[in-house]
Each structure stands twice: as C-alpha cells, then as structure tokens.
Amino acid sequence: IIPKDKIDIIHQSIALEELMSIPPVLSFEKLSLLCMGAIKQSKGQMIALEAVASLPDIQLDVIGPAADHEYADRLKVYSKDYPNISVQLRRYRPVDELSSHNVVLMCSEHEGLGRVTLEGLAAGRLVVGYDCRSTRELLGDNRGILYSPNNAPSLAEAIRTITQKVTSIDLQKTRSFVSQEFSNRRQANDFRECIEMALSSPVESTGVLSA
C-alpha cells in the first residue's frame with residue numbers, strides 16, 4: 001500500500017557490548033547447536049529438532065520461555081527419543097548460552113528485527129538461518145549460512161556442510177557489521193534523517209474536510 005520511496009528504515013540499537021567480548025569461535029570440528037528465544041510454532045524449533053534427529057553426532061539445545069505451552073510440550077515429547085537433543089523451557093542470558101555453543105540456528109518463518117540472529121553474530125558465532133527476507137538481510141554478503149525451503153531436510157543439509165562453508169565467512173568482519181549497523185549512533189542518525197525527510201516533504205491535501 002505504501003510506496004517504497006515513502007518508507008524509511010531506522011536501525012534499532014541493541015546492547016551488544018557484553019556479547020562482543022566473548023572470544024569468537026575458531027573451530028567447528030565438533031558442532032554444538034543453539035536454538036534460543038521464545039518457544040512457539042512460528043519460531044520453527046520443531047524444524048531444528050527434526051533436522052538434528054538425523055544427525056546423532058551433533059548436539060542441539062533448544063532454550064527459551066514457553067510462549068505456546070502445547071507446542072513446547074510437543075517439543076519435549078519429541079526430544080525424549082534423542083539423547084543429542086535438549087529442550088529447556090526457561091529464561092536465559094544470551095551471553096551464557098552463546099559462550100557454550102558455536103552455531104546458532106534461526107528457523108523462524110518470518111523475522112522482524114532478528115535479535116537472536118544479531119546476538120549470535122555479535123558473539124562471533126556462526127548463524128544458520130532460513131532464507132526469509134529479514135534473516136537474508138542480516139546473513140547476506142556471506143555473514144552466515146542461509147537454507148531454503150524451511151524444512152528439516154534442507155536444514156540438515158546446511159548443517160552437514162557447515163565445515164566446508166564456514167571457511168569463507170569472516171566472523172570478525174561480521175561482528176564489525178553488527179556493531180556499526182545496530183549502534184546508538186546509527187539509530188540516532190537514521191532517526192534524524194527520517195525526521196529531516198519528513199520536514200522537507202510537502203504535505204498533500206487529502207481533500208477531506210473535518211466536520
């Protein structure tokens with residue numbers, strides 16, 4: 001409905017300093033996967049479980065508060081058959097979880113800001129995400145690994161090829177991208193430019209008179 005030339009993007013600033021202090025991952029010989037965030041169907045945690053179920057040598061931890069208790073119970077029941085999969089329904093500190101895992105999975109069908117993806121990148125972790133528009137924007141330019149379609153076989157194949165694909169990704173460069181694009185300064189500049197554009201744009205009459 002709204003034309004593209006009328007839309008401005010303000011990059012939200014995120015407190016990433018603590019995550020930026022975590023030593024970046026240097027080895028992917030043993031994969032420890034993390035799927036963190038609110039647990040609900042739209043986030044796609046079941047896709048991650050089904051993908052890793054076919055990869056018994058890889059550990060997956062799904063951690064987050066249950067936003068959909070019926071869905072969370074389904075995840076718990078499914079995970080009982082797989083010793084390499086853990087589903088933990090709890091609050092968490094991103095810095096703690098990211099410190100003990102080397103790969104972040106983002107299986108959400110539609111992302112808004114993509115906070116979990118940004119937190120993973122800021123921590124120097126490899127992020128494997130479904131190729132929806134917002135995740136593609138964050139992981140594009142070789143900042144992560146994208147997979148499509150959003151199903152278990154596709155994700156499993158992306159996980160299998162991590163050791164080959166990750167050699168072309170500069171995790172330190174990715175950290176710099178996150179710190180610059182989602183900083184207080186960037187948000188302030190975007191907001192100022194948005195206001196300046198609004199003030200300089202003529203207001204067209206709608207022809208509607210108030211009663």
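The model is predicted.

A nonpolar patch lies on the surface. Four residues form this patch: Ile 1, Ile 2, Ile 7 and Ile 9. Together they have about 530 Å² of accessible area. Ile 7 sits in the segment before helix H1, which covers residues 17-20. The relative accessible area of Ile 7 is 47%. Ile 7 therefore counts as partly exposed, because that class runs between the 20% limit for buried and the 50% limit for exposed.

Helices H2 and H3 pack against each other. H2 spans residues 45-52, and H3 spans residues 69-79. Two packed helices are described by the angle between their axes and the distance between the axes. Here the angle is about 5 degrees, and the axes are 10 Å apart. Angles under 35 degrees count as roughly parallel, so H2 and H3 are roughly parallel to each other. On the H2 side, the contact involves Gln 45, Met 46, Leu 49 and Glu 50. These residues meet Tyr 71, Arg 74, Leu 75, Tyr 78 and Ser 79 in H3.

Helix H5 comprises residues 115-122. Of its 8 residues, 7 are buried, so the helix is largely enclosed by the rest of the structure. The buried residues are Val 116, Thr 117, Leu 118, Glu 119, Gly 120, Leu 121 and Ala 122. Gly 124 follows H5. Its phi is positive, near 75 degrees.

Gln 59 belongs to strand S2, residues 59-64. Its relative accessibility is 26%, so Gln 59 counts as partly exposed. Beyond its neighbours within four places in sequence, Gln 59 contacts Leu 31, Ser 32 and Leu 33, as well as Pro 83, Asn 84, Ile 85 and Ser 86. Val 178 lies 119 residues from Gln 59 in sequence. In space, the two are 27 Å apart, C-alpha to C-alpha.

Gly 129 is part of strand S5, residues 126-130. At 0% relative accessibility, Gly 129 counts as buried, because buried means under 20%. With residues up to four places away in sequence left out, Gly 129 touches Met 106, Thr 135, Leu 139, Ile 145, Leu 146 and Tyr 147. Gly 129 and Leu 155 are separated by 26 residues in sequence. Their C-alpha atoms are 8.5 Å apart in space.

Note on methods: Residues numbered from 1 in each chain as written. Predicted model: local features only at pLDDT ≥ 70, side-chain atom pairs only at ≥ 80, totals over all residues. Heavy atoms only, no water. Patch = residues over 30% accessible without salt bridge, like charges linked within 9 Å, V, L, I, M, F, W, Y side chains within 5 Å. Areas by Shrake-Rupley, 256 points an atom, 1.4 Å probe, with all protein chains shown as cover. Salt bridge = Lys/Arg side-chain N within 4 Å of Asp/Glu carboxyl O. Helix = DSSP H or I, 4+ residues; strand = E, 2+ residues; numbered from the N terminus. Buried < 20%, exposed > 50% of the residue type's maximum accessible area, 1.4 Å probe, protein only. Axes fitted to C-alpha atoms, helices over the stretch in contact; angles between N-to-C directions. Parallel < 35°, antiparallel > 145°, perpendicular 65-115°, else oblique. Contact = heavy atoms within 4.5 Å.
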